[in-house]
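Have the structure open as you read.

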Amino acid sequence: MGISSAGWCLPIGQPMVIAVLAQGDAVTDPRAILRNALPIDNSTIRTVQADLEGLGKYLKAKRWSSVKKDLKNAAFLLTLRRDSILKSIPDERQPEAVALIDQLTSGVDQLVEVADAQDKQQLLLTSKELLPKITQLEELMIEGFPFDVPSEYANLPQLKGRATIEVKTTQGDLTLIVDGYSAPVNAGNFVDLVQRGFYDGLPFLRSEDDFVIQTGDPLGKEEGFIDPKTGEYRAIPLEVLMKGEEAPIYGMTLEDAGIYLPNLALPFSAYGAVALARPEFDPNGGSSQFFFFKFDNELTPPGFNLMDGRYSVFGYLVDGKDVLKKLTDKDKVISAKVVDGLDNLVEPPAS
């Protein structure tokens with residue numbers, strides 16, 4: 001079980017050569033990508049989010065005037081456009097939302113003062129503390145699940161929301177967030193297998209070029225999960241959601257679907273993107289094996305990312321980057337555990 005790109009078969013253990021052209025700025029922060037992938041429609045909070053997320057870029061060039069402009073805009077929206085944010089929040093969640101908006105307003109006011117003093121470190125620290133509150137506020141806007149998974153996959157676990165996974169390895173701990181809003185079948189399969197203890201004790205594999213680190217190959221001749229209820233290989237389809245679309249495309253690569261330069265909900269632009277491995281010529285042949293993608297924005301820019309649309313990204317590493325960098329084929333998973341979001345897992349009905 002490996003990965004392929006640009007027509008070449010690239011199983012683990014074989015080198016890869018990629019040539020790309022840069023185009024624009026890729027979002028490389030996994031938590032920012034996950035915020036952007038939330039199924040909400042509120043332009044006001046999205047603008048506040050963008051104002052806070054963009055501060056780091058301005059600070060690199062010491063563009064303090066741009067920093068102050070965005071902070072003042074965020075402060076304006078959080079105060080005078082508060083009602084436009086709250087209109088997307090269900091009534092029973094309004095008190096929590098109001099408290100979060102109050103905290104954000106106070107925090108942005110503090111950032112304005114920090115920007116006036118041009119204290120770069122304090123500004124980055126405070127803005128980093130505020131962004132999780134943006135996430136919490138946006139999550140309050142979500143009601144139900146945004147689409148129906150095709151009936152042919154009803155026999156597979158589905159994640160109707162998000163889950164947090166802690167993976168203990170021989171090099172240290174990794175924390176992953178898997179996104180069922182964008183990839184419910186792939187994320188559901190993964191969470192189900194974690195809950196079963198399937199990955200505990202399994203070794204890591206890696207490519208010679210070190211562009212991925214992979215695991216999930218069970219001991220023995222099988223290359224995936226054999227469902228004890230059916231005695232059969234659990235095959236998981238390719239599942240890719242493009243921004244602006246109501247539901248993912250299933251069962252084929254975007255290239256095979258005639259779609260090029262896609263703008264994906266879950267792109268490969270962040271270090272530690274988590275994706276399903278699959279056989280070279282079978283988009284629907286994945287099962288238990290998954291990989292962490294280790295390229296950054298310089299090698300996976302938007303519009304020229306050779307991985308996007310060829311594999312199903314279903315989550316991101318959000319803590320443990322230094323651990324991931326150290327993992328080799330001499331290491332293994334000690335244990336994997338669902339620490340949040342297990343209630344979002346929907347198991348298939350008993351046959």
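Two rings of Phe, Tyr or Trp (its six-membered ring) count as a pair if their centres lie within 6.5 Å. Searching the whole structure on that basis turns up 13 aromatic pairs. Keep in mind that this is a predicted model.

**Aromatic pairs**
- F190 and Y199 make a tilted pair, because their planes sit at 45° with the ring centres 5.5 Å apart.
- Both F190 and Y199 are buried.
- F291 and Y311 go edge-to-face, with 85° between the planes and 5.8 Å centre to centre.
- F291 is in strand β13 (residues 290-293) while Y311 is in the loop between β13 and β14 (313-319), so this pair ties together parts 20 residues apart in sequence.
- F291 is buried, at a relative accessible area of 0%, and Y311 also counts as buried, at 2%.

**Aromatic cluster**
- One aromatic cluster is formed by F190, F198, Y199, F225, F290, F292 and F314.

**Charges over rings**
- K57 puts its charged end over the ring of Y58, 5.6 Å from the ring centre.
- K321 does likewise with Y271: its charged end sits over that ring, 5.2 Å from the centre.

**Around T175**
- You'll find T175 in strand β5 (residues 172-179).
- T175 has a relative accessible area of 17%, and the cut-off for buried is under 20%, so T175 counts as buried.
- Beyond its neighbours within four places in sequence, T175 touches T164, I165 and E166, plus Y316, L317, V318 and D319.

Technical notes:
Residues numbered from 1 in each chain as written. Predicted model: local features only at pLDDT ≥ 70, side-chain atom pairs only at ≥ 80, totals over all residues. Heavy atoms only, no water. Helix = DSSP H or I, 4+ residues; strand = E, 2+ residues; numbered from the N terminus. Buried < 20%, exposed > 50% of the residue type's maximum accessible area, 1.4 Å probe, protein only. Contact = heavy atoms within 4.5 Å. Phe/Tyr/Trp six-rings, centres within 6.5 Å; stacked < 30°, edge-to-face > 60°. Lys NZ or Arg CZ within 6 Å of the ring centre and 35° of its normal.
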